Each structure stands twice: as structure tokens, then as C-alpha cells.
Amino acid sequence: MFRTIKSRFVAYFGLFTLINSGLFVGMSFIFMFTVEDVFIHREVMGERQRLEQSYEATGQYSSPSKSYFRVYNNRQALPEKIQRSLEQYPKEKEIFGDNGLHYHIERLKFDDALLVSEVSKLLVVRGFTQPALIVLGVMAAIMLLLSALLAYFFSKRALKPLTELSELLSSCDPEHLPKGFAAPFANNELGAFANSLEKALNEVSEFVERELQFTRDASHELRTPITSILGACELLQADKQLTTQQRGVFMRIHHAAENMQKTVESLLLVARGETQLAKQSVLVEPLIEQSILNYAEQISAKQLEIECEIEPGSTLNADSQSLQIIIENLVQNAVRYTEQGGIKIRTRNGMFEIKDSGCGFDFQHAKQQGVKAKNSSGFGIGLSLVERLCGVNGLNLTVESPAEGSCIILKSR
């Protein structure tokens with residue numbers, strides 16, 4: 001309900017005011033009733049003292065000084081209501097009668113006489129209870145309103161630097177993080193937080209710059225030797241003096257170099273954090289055929305059965321180069337980790353599905369960078385790369401992998 005710090009600040013102030021108001025109302029009534037009881041007690045005790053002094057002087061009690069006082073010579077002369085109450089509670093001094101009457105009983109010093117004071121007219125507070133509650137309730141409401149306004153004002157003022165800091169960070173470019181923004185902040189907890197944050201952002205900025213520089217360097221340093229390998233393989237394959245076995249070896253080298261080139265390009269693409277790719281409807285059938293041809297030797301060696309249900313003209317909305325790398329990785333993993341049985345590939349417009357009869361895997365664990373399956377000769381980046389490329393291409397990736405076999409589904413959003 002209260003999601004912002006400012007609203008919580010106001011709510012806590014309001015709750016604090018309500019608790020204080022309740023305590024104030026309760027203490028006010030306790031004080032009023034206490035004062036009233038003290039006043040009545042003094043009146044009664046004063047009358048008792050006067051009557052006992054008159055008895056000592058004259059041998060009898062004088063007439064009460066006020067109309068609500070009355071002297072009874074013994075308990076049997078008391079009104080029936082008071083007699084019944086005293087029979088149940090002999091030491092009782094306050095008795096409530098009918099029609100709102102309130103009696104105060106004091107035992108006089110001589111002849112077992114009793115002073116009965118009908119003090120209903122003196123109970124001012126009890127008749128003033130409802131108006132007092134209304135007045136105190138209005139005061140509590142005013143205090144609550146004032147506390148809410150003060151809480152809003154002070155929270156807005158106190159949180160203003162934090163709001164400015166939040167707006168500054170939310171509007172900044174990730175590649176150009178702000179610097180020197182902590183200087184205007186006061187030397188307090190928020191200022192210390194701003195300084196720590198600025199220091200952390202400076203370190204992040206330096207790290208990002210180093211990574212970008214590494215990406216640029218890697219792009220140049222890795223592409224050059226790969227291009228040389230591909231060119232050399234093409235020249236050697238054109239040599240008519242090569243035997244069939246030698247030509248097959250150079251074809252495998254050429255294929256491995258092409259895969260390395262695609263992997264490098266994908267890594268550089270992800271490292272640059274590109275999210276605005278040139279997406280289009282890409283036919284998936286040629287990509288599947290090429291991937292199967294690339295691993296035909298492994299498929300034949302394991303005697304795997306490949307079953308394809310490809311809907312003519314089926315497409316996925318993605319960047320063509322990224323989609324080729326995704327499908328290539330999925331086919332490669334299916335071939336690599338399926339020792340017997342087969343692989344089934346099914347497509348329709350907007351959907352690609354690949355099932356295998358392999359050993360299965362834990363996707364949440366396997367997609368982490370550097371995690372390799374048993375007997376894997378790769379670098380442990382395949383599934384992690386697939387997931388990240390699916391993310392930047394807006395493809396939904398679903399993985400189902402029970403104890404045996406696995407099923408991976410790609411869908412255009």
C-alpha cells in the first residue's frame with residue numbers, strides 16, 4: 001500500500017500521532033475523573049468531620065450542611081437498595097442506585113451512624129463525557145492532519161537530494177556514466193552514500209571502457225588469423241594433387257574455422273550489448289539444412305536418425321546471423337550429447353523445436369558461462385550464448401529436459 005519512502009514517512013507519522021492522541025484522550029479522562037473523585041471525597045470527609053465534632057460537643061449529630069447529605073442512626077434505617085449492597089459488600093463506600101443515583105457511604109465515629117451522600121449532582125465529568133469525547137476527537141483529527149502535512153513537508157525536503165540523485169542516474173547513458181555529481185551533496189549520510197556511489201560508478205565506467213577496448217582489440221586480433229586460416233584452407237582445397245583424405249581434413253579445418261568466426265562475431269555482438277538488431281523474417285529451413293550438413297560426419301559416425309518436420313516457408317523474426325548461430329549451437333549440442341537414438345526437428349511459422357534422445361541436462365546450471373558437460377570439448381559458452389542471443393533478438397526460449405532427452409523450443413514474440 002505504502003510503496004514510496006515519502007508515503008511511509010507520512011503513514012508512520014500518522015500512526016505515531018494516532019497513538020499519542022489515544023494516550024492523550026485516555027489520560028485526559030483519567031485526570032478528569034480523578035479530580036472529580038478527589039473533590040467529592042473532600043466534600044464528604046469535610047462533612048463527616050463537622051458532624052463528628054458536633055456530636056462530641058452536644059452529644060448528637062447536627063443537621064447536614066447540604067441537601068445531598070443525610071445521617072442514618074443505623075444500617076436498618078438505610079434505603080433498601082443501599083442495605084442490599086452493604087449486605088453483599090460490607091466495606092463498600094460507593095453504591096450506584098436507580099435512575100442514575102450515586103451514593104457515597106461513610107461510617108461515623110459514634111453510635112454506628114452512617115453518613116450517606118447522594119452525589120449525583122456533583123458528577124460533572126460523567127455528564128460531560130460525550131461532549132468531551134467530541135472535542136478531544138476533533139483535536140486528535142487536527143493533530144493527525146497537521147502531523148501528515150509536517151511529515152509530507154519534511155520528508156519531501158529530506159528526500160529531495162535522494163530524488164535528484166535517482167533522476168540523475170535514471171537519465172544517464174550507461175556508456176557515459178556521470179562524474180563529479182557527489183560534490184553538491186551535504187556532508188551527511190546521503191553525502192557519504194553519493195560519494196560511495198560515485199566511486200563505484202567510476203570503477204564501473206573504467207571497467208566498461210576496458211571491456212570495450214578489449215572487444216575492439218579482440219575483434220581485430222581474432223578475425224585476422226581466422227581469415228588467414230579460411231583463405232589457406234580454400235587454396236589447399238583447390239590443389240588437385242590432394243588426396244580425398246587430405247581434402248576431407250582441410251574441409252574439417254575450414255568448417256572449424258567458420259564456426260570459430262561465427263562464435264567470435266556472436267561474442268563481440270553480445271559484448272557490445274547491442275539490442276537494436278536488424279530483425280526480419282528469416283527462413284529457417286536453409287539454416288537447419290546447413291547445420292545438419294556441418295555435423296553430417298558426427299551424425300553418421302553415431303548412426304543417429306534425423307527426423308525433420310519442416311513447414312514450407314516457416315520463419316522466425318530475428319537477426320539472420322544471430323539466428324544461424326543459435327540453430328547451429330542447438331543442433332551441435334543435440335548431436336554432441338546424443339549417443340544413440342535420434343534427433344527430431346520440427347518447425348512452423350514462428351516456432352522452432354528440436355528434440356533429442358540424449359542424457360538430458362539442468363538448463364539453469366548448463367546455461368551459466370563456463371559450465372561444460374561431461375566429456376565436452378567446447379568452452380562452456382554454448383547455451384549461455386544461445387540464451388543471450390535469444391534475449392537480444394526477442395525470441396522466447398523454452399527448455400524441457402527430463403532424466404532422458406531434452407526439448408528446446410524457440411518462438412517469435
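Start with the side chains of Thr315 and Asn349: a polar contact of 2.8 Å joins them. A polar contact is a pair of N or O atoms within 3.5 Å; within protein, one must be able to donate a hydrogen and the other to accept it, and residues adjacent in sequence count only if both atoms are side-chain atoms.

Some ground rules for the tour. This is a predicted model, in which local features need pLDDT of at least 70 and side-chain atom pairs count only at pLDDT 80 or more, while totals for chains, interfaces and linings use all residues. Residues are numbered from 1 along each chain as its sequence is written, and side-chain values use heavy atoms, with hydrogens and water left out.

**Stop 1: Thr315**

Stay on Thr315. Its place is in strand β7 (residues 315–318). Helices (H or I, at least four residues) and strands (E, at least two) are DSSP runs, numbered from the N terminus. Is Thr315 buried or exposed? Thr315 counts as buried, at 16% relative accessibility. Buried means under 20% relative accessible area, exposed over 50%, and partly exposed in between (1.4 Å probe, protein chains only).

Now show what surrounds Thr315. Leaving aside neighbours within four places in sequence, Thr315 is in contact with Ser281, Val282, Leu283, Val284, Arg348, Asn349, Gly350 and Met351. Contact means heavy atoms within 4.5 Å. Then select Ser412. Thr315 and Ser412 are 97 residues apart in sequence, yet 9.0 Å apart in space, C-alpha to C-alpha.

**Stop 2: the whole chain**

Zoom out. The secondary structure of the protein chain comes to eleven helices and eleven strands. Of its 413 residues, 34% count as buried. Take the contacts between residues at least 6 apart in sequence: 62% of them join residues at least 24 apart.

**Stop 3: helix α1 and its end**

Select residues 5–58. This is helix α1, with 54 residues. From first C-alpha to last, α1 reaches 79 Å, close to the 80 Å expected at 1.5 Å a residue. The expected span of a helix is 1.5 Å times one less than its number of residues. Gly59 takes a positive phi of about 85°.

**Stop 4: Tyr72**

Go to strand β1 (residues 69–72), where Tyr72 has its place. Tyr72 is buried, with a relative accessible area of 11%. Its side chain and that of Arg70 are joined by a polar contact of 3.4 Å.

What else touches Tyr72, leaving aside its neighbours within four places in sequence? The contacts are Ala77, Leu78, Pro79, Ala113, Leu114 and Val116. Tyr72 and Leu115 are 43 residues apart in sequence and 6.5 Å apart in space, C-alpha to C-alpha.

**Stop 5: His104**

Leu115 leads onward, as one of the contacts of His104. Select His104 in strand β3 (residues 102–107). His104 counts as buried, at 7% relative accessibility. The side chain of His104 makes a polar contact with the side chain of Glu106 (3.4 Å). Beyond four places in sequence, His104 is in contact with Val44, Lys93, Glu94, Leu115, Val116 and Ser117.

**Stop 6: the cavity**

A search of the whole structure finds one cavity of 30 Å³ or more. The largest cavity has a volume of about 30 Å³. The elements that give two or more residues to its lining are α5 (189–237) and α6 (244–271). A cavity is a set of points, on a 1 Å grid over the protein atoms alone, where a 1.4 Å probe fits but cannot get out; lining residues have an atom within 4 Å of a point. Grid points are joined across faces, edges and corners, and a volume is the space filled by probe spheres set on the points.

Which residues line the largest cavity? Select Leu222, Arg223, Ile226, Gln261, Val264 and Glu265. By class, this lining has three nonpolar, one polar and two charged residues. Here Ala, Val, Leu, Ile, Met, Phe, Trp, Tyr, Cys and Pro count as nonpolar, Asp, Glu, Lys and Arg as charged, and the others, Gly among them, as polar.

**Stop 7**

Select Ser291 in helix α7 (residues 285–294). Ser291 is buried, with a relative accessible area of 2%. Leaving aside neighbours within four places in sequence, Ser291 is in contact with Ile327, Glu328 and Val331.

Next, select residues 320–336, which form helix α9. The 17 residues of α9 should span 24 Å, and its end C-alpha atoms are 24 Å apart, which agrees. Helix α9 is mostly covered: 13 of its 17 residues are buried.

**Last stop: Gln303**

Finish in the loop between α8 (296–302) and β6 (305–310), where Gln303 is found. Gln303 is exposed, with a relative accessible area of 69%. Check its backbone: Gln303 has a positive phi of about 55°, although it is not a glycine.

Technical notes:
1 Å grid on protein atoms, 1.4 Å probe; cavity = no way out; pocket = protein on both sides within 12 Å on 5 of 7 lines; lining within 4 Å.
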